[in-house]
Amino acid sequence: MDSRSSNSFDSLPRQLISRFAPSPTGGQHLGNARTYLINWLVARSCGGKILFRVEDLDTPRIKPEAIPQLESDLSWLGLDWDESPIIQTGRITLYEEALQRLQAKELVYPCVCTRTDILNAASAPHLEHEGPAYPGTCRNLRVSDADLIIGKPFAWRFRVTNSPTWHDRFLGPQNVDIRQIGGDFVVWRSNRVPAYQLAVVVDDADQGVNLVVRGDDLVPSTPRQLLLYDTLAMTAPEFMHLPLVKGPDGMRLAKRHGEARIAMFRQQGVTSEKIIGFLAWSCGWLKDLKPISAKELLSFFDLNTIPREPFVLLPWHLEWLKSGSRPEQE
Ligand code: GLU
(Lines give C-alpha, C1' and ligand atoms only; values in the text may rest on other atoms or scores of the structure.)
Protein backbone atom coordinates (compact mmCIF):
# COMPACT_ATOMS: atom_id res chain seq x y z
CA MET A 1 0.00 0.00 0.00
CA ASP A 2 1.28 3.47 -0.78
CA SER A 3 1.85 4.89 2.68
CA ARG A 4 0.53 8.16 1.33
CA SER A 5 -2.96 6.82 0.96
CA SER A 6 -3.13 6.75 4.74
CA ASN A 7 -1.96 10.33 5.06
CA SER A 8 -5.39 11.77 4.59
CA PHE A 9 -6.16 14.29 7.28
CA ASP A 10 -9.85 13.33 7.42
CA SER A 11 -9.09 11.30 10.49
CA LEU A 12 -7.05 13.93 12.32
CA PRO A 13 -8.06 14.69 15.92
CA ARG A 14 -11.55 16.19 15.92
CA GLN A 15 -10.54 19.21 17.93
CA LEU A 16 -7.18 19.70 16.39
CA ILE A 17 -4.60 21.80 18.27
CA SER A 18 -1.40 22.51 16.45
CA ARG A 19 1.36 25.04 17.11
CA PHE A 20 3.97 27.30 15.60
CA ALA A 21 7.14 26.83 17.67
CA PRO A 22 9.84 29.03 16.17
CA SER A 23 13.21 29.70 17.77
CA PRO A 24 14.20 33.36 17.61
CA THR A 25 17.70 32.61 16.41
CA GLY A 26 17.50 34.59 13.19
CA GLY A 27 15.14 35.61 10.43
CA GLN A 28 12.51 33.15 9.23
CA HIS A 29 13.08 32.09 5.64
CA LEU A 30 11.05 30.54 2.83
CA GLY A 31 11.62 27.05 4.24
CA ASN A 32 10.14 27.96 7.63
CA ALA A 33 7.29 29.75 5.89
CA ARG A 34 6.46 26.65 3.81
CA THR A 35 6.14 24.49 6.93
CA TYR A 36 4.07 27.15 8.73
CA LEU A 37 1.79 27.51 5.72
CA ILE A 38 1.08 23.77 5.55
CA ASN A 39 0.63 23.66 9.32
CA TRP A 40 -1.85 26.56 9.17
CA LEU A 41 -3.80 25.08 6.24
CA VAL A 42 -4.15 21.69 7.92
CA ALA A 43 -5.33 23.23 11.19
CA ARG A 44 -7.62 25.89 9.77
CA SER A 45 -9.20 23.62 7.16
CA CYS A 46 -10.64 21.46 9.90
CA GLY A 47 -11.56 24.27 12.27
CA GLY A 48 -8.60 23.53 14.51
CA LYS A 49 -6.59 25.83 16.74
CA ILE A 50 -3.00 26.94 16.31
CA LEU A 51 -0.96 28.09 19.29
CA PHE A 52 2.24 30.08 19.22
CA ARG A 53 5.26 29.25 21.35
CA VAL A 54 8.59 31.02 21.36
CA GLU A 55 11.38 28.47 21.89
CA ASP A 56 14.03 30.71 23.38
CA LEU A 57 15.94 28.40 25.73
CA ASP A 58 19.21 28.41 23.86
CA THR A 59 20.25 31.76 25.30
CA PRO A 60 23.54 32.33 23.48
CA ARG A 61 21.88 31.72 20.11
CA ILE A 62 18.71 33.70 20.82
CA LYS A 63 18.35 37.12 19.24
CA PRO A 64 15.75 39.01 21.31
CA GLU A 65 14.99 41.31 18.39
CA ALA A 66 13.92 38.24 16.40
CA ILE A 67 10.91 37.58 18.70
CA PRO A 68 8.63 40.41 17.45
CA GLN A 69 9.90 39.66 13.94
CA LEU A 70 8.58 36.07 14.16
CA GLU A 71 5.10 37.26 14.96
CA SER A 72 5.10 40.02 12.41
CA ASP A 73 6.39 37.73 9.59
CA LEU A 74 3.67 35.17 10.25
CA SER A 75 0.90 37.76 10.47
CA TRP A 76 2.14 39.40 7.29
CA LEU A 77 1.94 36.04 5.52
CA GLY A 78 -1.71 35.82 6.60
CA LEU A 79 -1.07 32.99 9.05
CA ASP A 80 -2.89 33.71 12.29
CA TRP A 81 -2.92 31.88 15.60
CA ASP A 82 -5.08 31.62 18.70
CA GLU A 83 -4.24 32.84 22.20
CA SER A 84 -1.22 34.87 23.31
CA PRO A 85 2.17 33.35 22.58
CA ILE A 86 3.91 31.52 25.39
CA ILE A 87 7.63 31.98 25.98
CA GLN A 88 9.72 29.03 27.14
CA THR A 89 12.12 31.01 29.33
CA GLY A 90 9.13 31.98 31.49
CA ARG A 91 8.25 28.34 32.19
CA ILE A 92 11.41 26.87 33.73
CA THR A 93 9.53 25.68 36.86
CA LEU A 94 7.33 23.42 34.76
CA TYR A 95 10.36 21.82 33.13
CA GLU A 96 12.03 21.43 36.54
CA GLU A 97 8.99 19.54 37.81
CA ALA A 98 9.18 17.17 34.84
CA LEU A 99 12.89 16.60 35.48
CA GLN A 100 12.14 15.78 39.12
CA ARG A 101 9.57 13.19 38.01
CA LEU A 102 12.15 11.55 35.75
CA GLN A 103 14.68 11.62 38.61
CA ALA A 104 12.20 10.03 41.01
CA LYS A 105 11.92 7.09 38.63
CA GLU A 106 15.72 6.86 38.05
CA LEU A 107 15.09 7.34 34.33
CA VAL A 108 17.78 9.98 34.09
CA TYR A 109 21.35 10.09 35.33
CA PRO A 110 23.87 12.87 35.92
CA CYS A 111 26.49 13.14 33.18
CA VAL A 112 29.79 14.96 33.50
CA CYS A 113 30.92 14.38 29.93
CA THR A 114 31.68 17.74 28.36
CA ARG A 115 30.41 17.03 24.94
CA THR A 116 29.11 19.33 22.30
CA ASP A 117 25.74 17.64 22.46
CA ILE A 118 25.34 18.88 26.02
CA LEU A 119 25.99 22.39 24.79
CA ASN A 120 23.71 21.90 21.83
CA ALA A 121 20.88 20.30 23.76
CA ALA A 122 18.96 23.53 24.33
CA SER A 123 18.14 23.72 20.63
CA ALA A 124 16.22 21.36 18.42
CA PRO A 125 18.82 19.01 16.88
CA HIS A 126 18.27 19.64 13.17
CA LEU A 127 19.93 16.79 11.33
CA GLU A 128 23.39 18.27 11.00
CA HIS A 129 23.55 18.51 14.80
CA GLU A 130 22.87 14.82 15.37
CA GLY A 131 26.13 13.41 16.69
CA PRO A 132 27.29 9.83 17.21
CA ALA A 133 25.51 7.76 19.87
CA TYR A 134 26.55 8.62 23.43
CA PRO A 135 28.86 5.80 24.55
CA GLY A 136 27.25 5.55 27.99
CA THR A 137 30.24 6.70 30.04
CA CYS A 138 28.10 7.95 32.96
CA ARG A 139 25.25 5.49 32.51
CA ASN A 140 25.93 3.64 35.74
CA LEU A 141 25.51 6.76 37.86
CA ARG A 142 22.41 7.03 40.03
CA VAL A 143 20.41 10.19 40.64
CA SER A 144 21.88 10.47 44.16
CA ASP A 145 25.40 10.46 42.70
CA ALA A 146 24.72 14.02 41.54
CA ASP A 147 25.34 15.16 45.15
CA LEU A 148 28.87 13.79 44.93
CA ILE A 149 29.79 15.73 41.81
CA ILE A 150 31.57 18.75 43.21
CA GLY A 151 32.90 21.71 41.30
CA LYS A 152 32.03 20.28 37.92
CA PRO A 153 29.01 21.10 35.79
CA PHE A 154 26.84 18.14 34.86
CA ALA A 155 23.86 17.45 32.64
CA TRP A 156 20.98 14.98 33.05
CA ARG A 157 20.65 12.24 30.46
CA PHE A 158 17.67 10.03 29.74
CA ARG A 159 18.48 6.32 29.88
CA VAL A 160 17.18 4.97 26.55
CA THR A 161 16.10 1.34 26.59
CA ASN A 162 13.76 1.27 23.60
CA SER A 163 12.91 3.33 20.57
CA PRO A 164 9.19 3.91 19.94
CA THR A 165 7.82 3.74 16.40
CA TRP A 166 4.98 5.92 15.12
CA HIS A 167 2.74 6.51 12.14
CA ASP A 168 3.71 9.84 10.69
CA ARG A 169 0.90 11.84 9.10
CA PHE A 170 3.05 12.68 6.12
CA LEU A 171 5.83 10.08 6.03
CA GLY A 172 3.81 7.00 7.01
CA PRO A 173 5.19 4.36 9.41
CA GLN A 174 8.47 5.43 11.04
CA ASN A 175 11.06 3.36 12.81
CA VAL A 176 14.13 5.38 13.78
CA ASP A 177 16.35 3.65 16.31
CA ILE A 178 17.60 6.28 18.73
CA ARG A 179 19.93 3.76 20.32
CA GLN A 180 21.92 4.04 17.06
CA ILE A 181 21.64 7.79 16.61
CA GLY A 182 22.43 9.75 19.72
CA GLY A 183 21.65 7.06 22.30
CA ASP A 184 20.96 8.37 25.81
CA PHE A 185 19.96 11.97 25.27
CA VAL A 186 20.32 15.12 27.33
CA VAL A 187 17.12 16.38 28.97
CA TRP A 188 18.76 19.06 31.08
CA ARG A 189 21.87 21.07 30.45
CA SER A 190 24.24 21.84 33.25
CA ASN A 191 23.38 25.49 33.75
CA ARG A 192 19.66 25.44 34.67
CA VAL A 193 18.76 25.18 31.00
CA PRO A 194 16.26 22.49 30.10
CA ALA A 195 17.01 20.68 26.87
CA TYR A 196 14.78 21.15 23.86
CA GLN A 197 13.55 17.54 24.07
CA LEU A 198 12.12 17.94 27.57
CA ALA A 199 10.76 21.46 27.15
CA VAL A 200 8.95 20.67 23.91
CA VAL A 201 7.20 17.65 25.44
CA VAL A 202 6.17 19.50 28.59
CA ASP A 203 4.84 22.41 26.54
CA ASP A 204 3.03 20.41 23.88
CA ALA A 205 1.33 18.34 26.60
CA ASP A 206 0.54 21.40 28.72
CA GLN A 207 -0.89 23.30 25.75
CA GLY A 208 -2.97 20.30 24.66
CA VAL A 209 -1.24 20.10 21.28
CA ASN A 210 -2.43 17.00 19.44
CA LEU A 211 -0.73 17.53 16.08
CA VAL A 212 2.90 18.59 15.64
CA VAL A 213 3.73 19.75 12.12
CA ARG A 214 7.43 20.42 11.56
CA GLY A 215 10.40 19.85 9.24
CA ASP A 216 11.51 16.29 8.63
CA ASP A 217 15.00 17.04 9.94
CA LEU A 218 13.41 16.67 13.39
CA VAL A 219 12.29 13.08 12.72
CA PRO A 220 15.02 11.67 15.05
CA SER A 221 13.67 13.83 17.87
CA THR A 222 10.26 12.18 17.72
CA PRO A 223 11.13 8.79 19.30
CA ARG A 224 12.94 10.68 22.09
CA GLN A 225 9.88 12.79 22.70
CA LEU A 226 7.59 9.74 22.56
CA LEU A 227 9.71 8.14 25.29
CA LEU A 228 9.31 11.23 27.45
CA TYR A 229 5.54 11.39 26.91
CA ASP A 230 5.33 7.78 27.91
CA THR A 231 7.44 7.99 31.05
CA LEU A 232 5.84 11.27 32.15
CA ALA A 233 2.38 9.75 31.55
CA MET A 234 1.46 12.56 29.17
CA THR A 235 -0.60 12.14 26.02
CA ALA A 236 1.59 12.26 22.91
CA PRO A 237 0.46 14.27 19.90
CA GLU A 238 0.44 12.98 16.34
CA PHE A 239 3.31 14.04 14.11
CA MET A 240 3.52 15.30 10.55
CA HIS A 241 7.07 15.78 9.29
CA LEU A 242 7.43 17.74 6.08
CA PRO A 243 10.24 17.91 3.53
CA LEU A 244 12.56 20.89 3.87
CA VAL A 245 13.50 23.59 1.41
CA LYS A 246 17.16 23.15 0.50
CA GLY A 247 19.79 24.92 -1.56
CA PRO A 248 21.00 23.50 -4.91
CA ASP A 249 23.88 21.87 -2.99
CA GLY A 250 21.40 19.79 -1.00
CA MET A 251 22.09 21.67 2.24
CA ARG A 252 19.58 23.38 4.53
CA LEU A 253 18.74 26.88 3.37
CA ALA A 254 21.50 29.31 4.35
CA LYS A 255 22.70 32.79 3.45
CA ARG A 256 24.99 31.49 0.71
CA HIS A 257 21.93 30.27 -1.22
CA GLY A 258 20.72 33.84 -1.62
CA GLU A 259 18.54 36.07 0.48
CA ALA A 260 15.45 34.03 1.32
CA ARG A 261 14.42 35.71 4.57
CA ILE A 262 10.79 36.79 4.75
CA ALA A 263 11.79 40.13 6.32
CA MET A 264 14.02 40.92 3.33
CA PHE A 265 11.26 40.19 0.81
CA ARG A 266 9.00 42.50 2.80
CA GLN A 267 11.60 45.23 2.74
CA GLN A 268 11.99 44.84 -1.00
CA GLY A 269 8.26 45.29 -1.54
CA VAL A 270 7.48 41.66 -2.46
CA THR A 271 3.85 40.95 -1.56
CA SER A 272 2.89 38.18 0.87
CA GLU A 273 0.56 36.75 -1.83
CA LYS A 274 3.56 36.29 -4.07
CA ILE A 275 5.44 34.37 -1.38
CA ILE A 276 2.36 32.24 -0.62
CA GLY A 277 1.80 31.66 -4.36
CA PHE A 278 5.38 30.51 -4.75
CA LEU A 279 5.11 28.14 -1.78
CA ALA A 280 1.77 26.82 -3.06
CA TRP A 281 3.36 26.16 -6.45
CA SER A 282 6.25 24.32 -4.71
CA CYS A 283 3.64 22.09 -3.03
CA GLY A 284 1.92 21.30 -6.34
CA TRP A 285 -1.26 23.28 -5.58
CA LEU A 286 -0.81 25.81 -8.39
CA LYS A 287 0.23 24.87 -11.92
CA ASP A 288 1.62 28.32 -12.59
CA LEU A 289 3.43 30.77 -10.39
CA LYS A 290 0.99 33.46 -9.34
CA PRO A 291 0.12 35.43 -6.24
CA ILE A 292 -2.55 33.99 -3.95
CA SER A 293 -3.51 34.35 -0.28
CA ALA A 294 -3.27 31.62 2.34
CA LYS A 295 -7.05 31.86 2.86
CA GLU A 296 -7.72 31.19 -0.83
CA LEU A 297 -5.69 27.97 -0.62
CA LEU A 298 -7.94 26.57 2.11
CA SER A 299 -10.46 25.26 -0.39
CA PHE A 300 -8.07 23.28 -2.59
CA PHE A 301 -4.70 22.56 -0.97
CA ASP A 302 -3.83 18.88 -0.90
CA LEU A 303 -1.21 17.11 1.20
CA ASN A 304 -0.88 14.36 -1.39
CA THR A 305 0.62 16.63 -4.05
CA ILE A 306 3.50 17.81 -1.85
CA PRO A 307 6.65 16.21 -3.27
CA ARG A 308 8.29 13.86 -0.79
CA GLU A 309 11.77 15.09 -1.58
CA PRO A 310 13.15 18.44 -0.40
CA PHE A 311 12.18 21.45 -2.48
CA VAL A 312 15.31 22.90 -4.07
CA LEU A 313 15.39 26.68 -4.11
CA LEU A 314 17.03 27.89 -7.34
CA PRO A 315 18.33 31.37 -8.15
CA TRP A 316 15.50 31.95 -10.66
CA HIS A 317 12.92 31.33 -7.94
CA LEU A 318 14.34 34.24 -5.96
CA GLU A 319 14.43 36.28 -9.14
CA TRP A 320 10.74 35.56 -9.81
CA LEU A 321 9.85 36.60 -6.30
CA LYS A 322 11.75 39.86 -6.58
CA SER A 323 11.11 40.91 -10.18
CA GLY A 324 8.48 38.57 -11.61
CA SER A 325 10.79 37.34 -14.36
CA ARG A 326 11.30 33.67 -14.99
CA PRO A 327 13.42 31.90 -17.60
CA GLU A 328 11.76 30.35 -20.65
CA GLN A 329 13.07 26.95 -19.73
CA GLU A 330 14.10 25.99 -16.28
N1 GLU B 1 11.91 25.46 17.86
C2 GLU B 1 12.27 24.42 16.93
C3 GLU B 1 12.94 25.04 15.75
O4 GLU B 1 12.67 26.18 15.42
C5 GLU B 1 11.08 23.62 16.45
C6 GLU B 1 10.81 22.51 17.33
C7 GLU B 1 9.57 21.70 17.03
O8 GLU B 1 8.77 22.06 16.16
O9 GLU B 1 9.41 20.72 17.71
O10 GLU B 1 13.74 24.41 15.15
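Tyr229 belongs to helix 6; here helices (H or I, at least four residues) and strands (E, at least two) are DSSP runs, numbered from the N terminus. The structure is a predicted model, in which local features need pLDDT of at least 70 and side-chain atom pairs count only at pLDDT 80 or more, while totals for chains, interfaces and linings use all residues. Residues are numbered from 1 along each chain as its sequence is written, and side-chain values use heavy atoms, with hydrogens and water left out.

- Leaving aside neighbours within four places in sequence, Tyr229 is in contact with Val200, Val201, Asp204, Ala205, Met234, Thr235, Ala236, Pro237 and Phe239, where contact means heavy atoms within 4.5 Å.
- Tyr229 and Leu198 are 31 residues apart along the chain, and their C-alpha atoms are separated by 9.3 Å.
- Helix 5 is mostly covered, with 9 of its 11 residues buried.
- The buried residues of helix 5 include Leu198, Val200, Val201 and Asp204.
- After helix 5 comes Gly208, with a positive phi near 70°.

**Helix 3**

- Helix 3 (residues 92–104) consists of 13 residues and reaches 18 Å from its first C-alpha to its last, close to the 18 Å expected at 1.5 Å a residue; the expected span is 1.5 Å times one less than the number of residues.
- Ile92, Tyr95, Ala98, Leu99, Leu102 and Gln103 are the buried residues of helix 3.
- Viewed down the axis of helix 3, these buried residues fall within an arc of 145°, so they line one face of the helix; the arc is that of the directions from the helix axis to the C-beta atoms.
- An α-helix has 3.6 residues a turn, so residues three or four places apart point the same way.
- Thr93 and Ala104 are exposed residues on the face of helix 3 turned away from its buried side.
- The cover over the buried residues of helix 3 includes strand 4 (108–111), strand 5 (155–158), strand 8 (185–188), helix 5 (196–206) and helix 6 (221–231).

**Strands and their pairing**

- Strand 4 is covered on both faces: Val108 and Pro110 are buried on one side, and Tyr109 and Cys111 are buried on the other.
- In a regular strand the side chains alternate between the two faces of the sheet.
- Strand 4 pairs with strand 5 in the antiparallel sense over 4 bridges; two strands pair if DSSP finds at least two bridges between them.
- Opposite Tyr109 stands Arg157 in strand 5.
- Elsewhere, an open sheet of 3 strands has the order 1-2-3 with parallel pairing.
- Strand 1 (17–20) and strand 3 (86–87) are the edge strands of this sheet, each pairing on one side only.
- Strand 2 (residues 49–54) pairs with strand 3 in the parallel sense over 2 bridges, and Val54 stands opposite Ile87 in strand 3.

**The loop between strand 2 and helix 2**

- Glu55 lies in the loop between strand 2 and helix 2 (66–76), and its relative accessibility of 8% means that Glu55 counts as buried.
- The side chains of Glu55 and Gln88 are joined by a polar contact of 3.4 Å. A polar contact is a pair of N or O atoms within 3.5 Å; within protein, one must be able to donate a hydrogen and the other to accept it, and residues adjacent in sequence count only if both atoms are side-chain atoms.
- Asp58 also has its place in the loop between strand 2 and helix 2, and Asp58 is buried because its relative accessible area is 4%.
- Not counting residues up to four places away in sequence, Asp58 touches Ala122, Ser123 and Arg189.

**Nonpolar cores**

- The largest nonpolar core has 54 residues, of which Leu30, Phe278 and Trp285 touch the most other members. Such a core is a set of buried Ala, Val, Leu, Ile, Met, Phe, Trp, Tyr and Cys residues joined through side-chain atoms within 4.5 Å.
- Helix 1 (residues 30–45) gives the most to this core, with 9 residues.
- Another core, of 40 residues, lies apart from it, and among its members are Leu107, Ala122, Phe158 and Leu227.

- Glu106, in the loop between helix 3 and strand 4, has a positive phi of about 55° although it is not a glycine.
- At 21% relative accessibility, Glu106 counts as partly exposed.
- Ala233, in the loop between helix 6 and strand 10 (238–242), has a positive phi near 55° and is likewise a residue other than glycine.
- Ala233 is exposed, with a relative accessible area of 68%.

Technical notes:
Buried < 20%, exposed > 50% of the residue type's maximum accessible area, 1.4 Å probe, protein only.
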